[in-house]
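Please look through the model below, starting with the helices and then turning to the rings and the surface.

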Amino acid sequence: MTQHMEGSREPRPRRRGQGELEAQVLAALHGARGPVSAAWVQERIGGDLAYTTVMTILTRLLAKNVVTRERAGRSFVWRSTADEAGLAALRMRKVLDGESDREAVLASFVTTLSADDERLLRDLLGEAGGTAGAED
């Protein structure tokens, strides 16, 4: 075991969160010209990320329906079906789905919005309401 003096420790690399890694993988897939391998994604994200980590992230994204995969020989190639905004929306929906009092969560969220974001949300809801109302 190597002994280190307290002041001579090298700083550990910052650990990236799952959401950040998912966004990086999606960004790499979005920049691809077609389906790509996990090794291709690993190369684009950076050398410090293990291949197994990339595969885990891709598998999680597949479960969230934001990527697709198809057989290519003995492995898979991957393609993005959602952008970063779509992934953020899925995370927000997952949080909301995990709460028992949806109304309280939504009310709390809306009260924290800036005036510009609230106006944007009202506009988006108005557009959605216009199309929903036309079907009734």
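With which side chain does the side chain of Glu-22 make a polar contact? The partner is the side chain of Lys-64, at 2.9 Å. A polar contact is a pair of N or O atoms within 3.5 Å; within protein, one must be able to donate a hydrogen and the other to accept it, and residues adjacent in sequence count only if both atoms are side-chain atoms. This is a predicted model, in which local features need pLDDT of at least 70 and side-chain atom pairs count only at pLDDT 80 or more, while totals for chains, interfaces and linings use all residues. Residues are numbered from 1 along each chain as its sequence is written, and side-chain values use heavy atoms, leaving out hydrogens and water.

Glu-22 belongs to helix H1 (residues 18–31); helices (H or I, at least four residues) and strands (E, at least two) are DSSP runs, numbered from the N terminus. Its relative accessible area is 1%, so Glu-22 is buried (under 20%; exposed is over 50% and partly exposed in between, with a 1.4 Å probe and protein chains only).

Asn-65 is in the loop between helix H3 (51–63) and strand S1 (67–72). Asn-65 is exposed, with a relative accessible area of 62%. Although Asn-65 is not a glycine, its phi is positive, about 60 degrees.

Now turn to a ring. Arg-69 lies over the face of Phe-76, 4.1 Å from the ring centre, and the charged end of Arg-71 also sits over this ring, 4.4 Å from its centre. A charge sits over a ring if NZ of Lys or CZ of Arg is within 6 Å of the ring centre and within 35 degrees of the ring normal.
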